[in-house]
Amino acid sequence: MATPTLTRPTPRTSTSEGLRRPRKKMTAGKIAALVVAAFIAVLWLVPFAWATATAFKTETDAAAPKVSWMPPSGFTAEAFVKVFQDGNIPLWTWNSFYTSAAITAITLVISALVAYALSRIDFKGKKVLMTVIIASIIIPPPVLIIPLFYQMLALHLIDTSWAIILPQVIHPAMVFVLKKFFDQIPRELEEAAVMDGASRLRIFTQIILPLSRPILAAVAIFVFIGAWNNFLWPFIATNDGALLTLPVGLQTIKSAYGIQYAQNMASALLAALPLILVFLFFQRQIIKGVATTGLAGT
Amino acid sequence: MSSSLASRRSTGQPDIATATPPQPPRRPSQSRTRSNLSGWGFATPFLVFFLVFLVWPILYGIYMSLTGKSLTGANDSLIGFANYAEALADADMWRSLGNTLYFTVISTVPLVLVALVMAALLNVGLPAQWLWRLSYFAPYLLASTVVSLFFTWMYNPQLGLINDSLSKLGIPKVAWLNDPNVAMWAIVIATLWWTVGFNFLLYMAAMQTIPAQHYEAASLDGAGAWRQFFSITLPQLTPTTVMIVLLQILASMKIFDQVYQMTAGGPGGSTRPVVQYIFETGFTGYRLGYSAAISYIFFGLIVLISVMQFAVTRRRRA
């Protein structure tokens, strides 16, 4: 019963993305655009390429005063082996993964629930609640680091993963995005269930959630990327080396390795790899996610 | 109150209200109380987190800002607005606030313009869209630490790729991160590379919603590509541009990661943003109360900017 309305909008947006206007032959203008686009793309790929080239050099070649793409002693995976051997990158990746996954899961559940109430249920104080949530969008997280740190101290959560996870699950903008999506789901779909006496929770889990997969995926990807890359709060919340997330751990590497350029670049690339892979797999959802949840910003 | 709720509901679902006459006396009242309960029930999990990890810290932070609280535990007593008075007379606070505003001003322009150019180029209908999208957007997926490692390495005065390339073009070496006049621009360049992909995707999505008929009609009238861009695309994008500028200003105001990692605020405090100053007074200076006061001055500034932006966009629409 639910599928027709779900599948109909999806192909429409995806075709409009690819072939919005009929492709015409390459005009002079198009070729010029192609050249400029390629030039920018090359500029944008240079940092990746240069980091990769450095990571595969010997430390001696990397630190040689003559900058070269082709090192005199040839390429080697030495730096990667060393970085991998000291074991920190896999540990930090795991820490980043499970804290980000927990943040994403909690965010999705609590945001979808409140968004459903705001979209579908009439209750006293709803307007006030909506206003408060929207207003809280402008609160810049860095403003809260001092009281949050003190709160974590008082709750004895400093140097536990909970200190990283708990304060990151509130995303007022995502609540708003979900509410807007729920608003568009036709009420007729719920009517039959209401007549049958289905509970609100049942309607929510069996009708609304299945219809909302695209937006839930978009919000999930977004929250996950944000949590994965967050630096300031995890940096403050943990000092325990075993709990460091990838971005925080990397920050310590820079001082530890000092001028070991090849190892620095190897660690940076290893740290970048997971999300680049995620992007390659979920390109379409991520792009659509930015388009639909873009309002949320970073 | 109850009747207004009922009528609001029935305007939303006229069919249900009229189509279920069998149990009219019981149903409305029961479902209304139930919906109050279930409404708050659904909101509760979020509200708990919201109250504990957002509202409470805000309120507690205000209280802290009125005390001499320090990380070492000394002096929890209220000292009124002394912290605020001290902050307003603190040259370092003003300087870090100035750096933040300076960064926001000089970063927002390229972050919006370059994104627009990228999206406009792809909107021409180039082949291999995925390749351009990937290259422009991929840096956005990196952690700030990775970006900082990449750019610190490229900015290296002696071994770095950038100075080497410049010297091949006959441009003298630049001490990118060590020259107080250049360091902030070096941060802007790294930030542009890192985050422009997000604005680019927003622009691209917006351009795809412009109806193709507009362009067809324009080309029948003999309008060229440039003319079409300035007469159709740009005006249609105005709401998107307003939104992107707004989001970008708020994002840029929060600058911390890249600066802390690339220059640590130097040279000579020339890049230190206000978030770093908050961090340092609190965690290395141990002055939590004072740090909280600076946080709220910063917060006040953001609220002010948001309200101003809101007023401007309101007037535009009116």
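Here is a short walk through some of the ring pairs, a surface patch and a side-chain contact in this structure. Please keep in mind that the model is predicted.

Let us start with the aromatic rings. A pair of aromatic rings is described by the distance of the centres and the angle of the planes. Counted over all chains, the structure holds 41 aromatic pairs. One of them is formed by A:Phe149 and B:Phe283, whose ring centres are 4.8 Å apart and whose planes make an angle of 85°, an edge-to-face arrangement. If you look for these two residues in the model, you will find A:Phe149 in helix 8 (residues 145–154) of chain A and B:Phe283 in helix 14 (residues 274–284) of chain B, so this pair joins two chains. How accessible are the two partners? A:Phe149 has a relative accessible area of 10%, and because buried means under 20%, this residue counts as buried. B:Phe283 is buried as well, at 14% relative accessibility.

Another ring pair to visit is that of A:Phe222 and B:Phe198. Here the centres are 6.1 Å apart and the planes stand at 65°; an angle over 60 degrees counts as edge-to-face, so this pair is given that name. This pair too crosses between chains: A:Phe222 belongs to helix 13 (residues 213–229) of chain A, while B:Phe198 belongs to helix 9 (residues 183–208) of chain B. Both A:Phe222 and B:Phe198 are buried.

On chain A, the residues A:Leu273, A:Leu277, A:Leu280, A:Phe281 and A:Phe282 make a nonpolar surface patch of about 520 Å². A:Phe282 is part of helix 16 (residues 261–293) of chain A. With a relative accessibility of 38%, A:Phe282 counts as partly exposed.

Our last stop is a loop in chain B. Between helix 13 (257–262) and helix 14 of that chain sits B:Ser270. Is B:Ser270 buried or exposed? Its relative accessible area is 12%, so B:Ser270 is buried. A polar atom of the B:Ser270 side chain lies 2.8 Å from the backbone oxygen of B:Pro267.

Definitions and conventions: Residues numbered from 1 in each chain as written. Chains lettered and ligands numbered in written order. Predicted model: local features only at pLDDT ≥ 70, side-chain atom pairs only at ≥ 80, totals over all residues. Heavy atoms only, no water. Phe/Tyr/Trp six-rings, centres within 6.5 Å; stacked < 30°, edge-to-face > 60°. Helix = DSSP H or I, 4+ residues; strand = E, 2+ residues; numbered from the N terminus. Buried < 20%, exposed > 50% of the residue type's maximum accessible area, 1.4 Å probe, protein only. Patch = residues over 30% accessible without salt bridge, like charges linked within 9 Å, V, L, I, M, F, W, Y side chains within 5 Å. Areas by Shrake-Rupley, 256 points an atom, 1.4 Å probe, with all protein chains shown as cover. Salt bridge = Lys/Arg side-chain N within 4 Å of Asp/Glu carboxyl O. Polar contact = N/O pair within 3.5 Å; in protein donor to acceptor, adjacent residues only side chain to side chain.
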